[in-house]
Amino acid sequence: MAGPLPLGDPAPADGRLPADLSIDPAAPFSAYLHVPFCRVRCGYCDFNTYTASELRGARQDAYADTLIGEIGLARAVLSEHAPLRPLSTVFFGGGTPTLLPAGDLGRMLGAAIDAFGIVDGAEVTVEANPDNVTPAVAEELAAAGVTRMSIGMQSAVPHVLAALDRTHRPENVRTAVEAARAAGLAVSVDLIYGAPGESLEDWRASLETAVDLRPDHISAYALIIEDGTKLARQIRRGEVPAPDDDLQADMYELADTALADAGFDWYEVSNWARRSTGDAGSEKGGGDRRSRHNMAYWRGTDWWGFGPGAHSHVAGLRWWNVKHPAAYAQRLATGESPAAGTERPDAEAAQLERILLRSRMAEGLPLDDLAPEARTRVAGLIADGLVDAGAALRGTLVLTRRGRLLADAVVRALTD
């Protein structure tokens, strides 16, 4: 199960934003649509997701209409403050969005576009389980306006998938990629490394399989053990080994080398996009194969998160929804906002977050954004091989590969 919601101030029942909130009408605006349903719960996952036995009164077949109700609330709330902004990116995450009928996803997307509009060439992503993607599903999503599919591959090795409690058939990843590509969608595949029992050769096999699929984008995340998960309990009882930090570092370096050799450029610590050749590629939005939605998060722009447990950020204000789908549906059915809490980070917290997120990106963090005492530490980080010297001379802090492995240490050095 997901962890507790953050501490914060109570959110107003009507969902209204503070009267003094100053929204920049020129700032990009995105939407995240959370689909909290999963067929089974993976042992490592602490996302806000629910299997059929955990819904306790919430109806999966009514979910699209419930979320559309929050879209109407968002339009009313935001229109009180500034002209409504068209959506630059939309992302369906979960959970498993493709557990819902493609028609339900299309209706939710249509409602968001009707409420806010959408920019030309906008990126619209749907996360997908390989077992749920058929040519008909991919075609229906593309017809509804989806431009990109992010497929949860995780591994190509059966015993690694079993260690992660992933139930999809490895061969269905290729089937899903081919269906998405045939429908004209850009394709991303997601990988996880460092699972119990996974060797460096297992990881090499997964990377080679992923590259052979010729996706536009690959994400590769180190397995993190979250409190409260099945995997955390197994490790605590000594049933499986904890991830080995040194092995995970070797796996990261292998991924960075293999993906670079295959024509992918890193643009965030855990994300690589296929190198542009100047053509539009398969992506409807153009040749940029990076995840523009995730870049909106890393750059700190505005987004509204729809669905139970979803988080939002507008003009420096943050809020988050109640977690359970039944509580979420009940609030909206009675005309209340589903928001559970809200906060406004102070200048120090906002600066820490900016350093943490922007330093993870290949476009880097402008050195002028650092406090004077932090800028004096950059020379030491260069000497330690953590920061690129050439980029620093041009006024930007960019991590080296070693720096990416020790990104948290770099952030501490710049903020302590």
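Me: Which helix gives the most to the lining of the second largest pocket, and with how many residues?

Reply: Before the answer, a word on the source: this is a predicted model, in which local features need pLDDT of at least 70 and side-chain atom pairs count only at pLDDT 80 or more, while totals for chains, interfaces and linings use all residues. Residues are numbered from 1 along each chain as its sequence is written, and side-chain values use heavy atoms, with hydrogens and water left out. Rolling a probe the size of a water molecule over the atoms shows where empty space is left. On a 1 Å grid over the protein atoms alone, a pocket is an open set of points with protein on both sides within 12 Å along at least five of seven lines, whereas a cavity is a set where a 1.4 Å probe fits but cannot get out, and lining residues have an atom within 4 Å of a point. Grid points are joined across faces, edges and corners, and a volume is the space filled by probe spheres set on the points. Here α11 gives the most to the lining of the second largest pocket, with 7 residues, and α9 (292–299) and α11 (347–358) each supply at least two. Helices (H or I, at least four residues) and strands (E, at least two) are DSSP runs, numbered from the N terminus. This pocket has a volume of about 310 Å³, and of its 15 lining residues G300, H313, R318, A350 and E353 lie nearest its centre.

Me: How many cavities of 30 Å³ or more are there, and which residues line the largest?

Reply: The count comes to 1 cavity of 30 Å³ or more. The largest cavity has a volume of about 60 Å³, and its lining consists of I23, F29, L78, A82, P83, L84, R85 and F116.

Me: Which residues have the most contacts inside the largest nonpolar core?

Reply: A nonpolar core is a set of buried Ala, Val, Leu, Ile, Met, Phe, Trp, Tyr and Cys residues joined through side-chain atoms within 4.5 Å; buried means under 20% relative accessible area, exposed over 50%, and partly exposed in between (1.4 Å probe, protein chains only). The largest core has 82 residues, and M108, F116, V189, W203 and F306 have the most contacts inside it. Apart from it lies another core of 16 residues, including L386, A407, V410 and L414. Contact means heavy atoms within 4.5 Å. Not counting residues up to four places away in sequence, W203 touches L191, I192, Y193, E198, A220, M251, L254 and A255. I71, in helix α1 (residues 63–79), counts as buried because its relative accessibility is 2%. With neighbours within four places set aside, I71 is in contact with M108, A111, A112, A115, F116 and F306, and the C-alpha atoms of I71 and F116, 45 residues apart in sequence, are 9.3 Å apart.

Me: Where do the buried residues of α6 fall, seen down its axis?

Reply: A first check is on length, for which the expected span of a helix is 1.5 Å times one less than its number of residues. The 13 residues of α6 (residues 200–212) should span 18 Å, and the end C-alpha atoms are 18 Å apart, which agrees. In α6 the buried residues are D202, W203, S206, L207 and A210. Seen down the axis of α6, these fall within an arc of 135° (the arc being that of the directions from the helix axis to the C-beta atoms), so they line one face of the helix. What covers the buried residues of α6 includes β5, α4 (158–163), β6, β7 (217–222) and α8 (245–261).

Me: Which elements do the buried residues of α5 pack against?

Reply: The 12 residues of α5 (residues 171–182) should span 16 Å, and with 17 Å between the end C-alpha atoms the two agree. N172, V173, A176, V177, A179 and A180 are the buried residues of α5, and because they fall within an arc of 165° seen down the axis, they line one face of the helix. They pack against α3 (135–144), β5 (148–154) and β6 (186–193).

Me: Which peptide bond is cis, and what is the phi of D165?

Reply: Most residues other than glycine have a negative phi, and most peptide bonds are trans. The bond from G94 to G95 is cis, with omega near 20°, and G95 is in the loop between β3 (87–94) and α2 (102–116). D165, in the loop between α4 and α5, has a positive phi near 65°. A315, which is not a glycine, has a positive phi of about 55°, and A315 counts as partly exposed because its relative accessibility is 30%.
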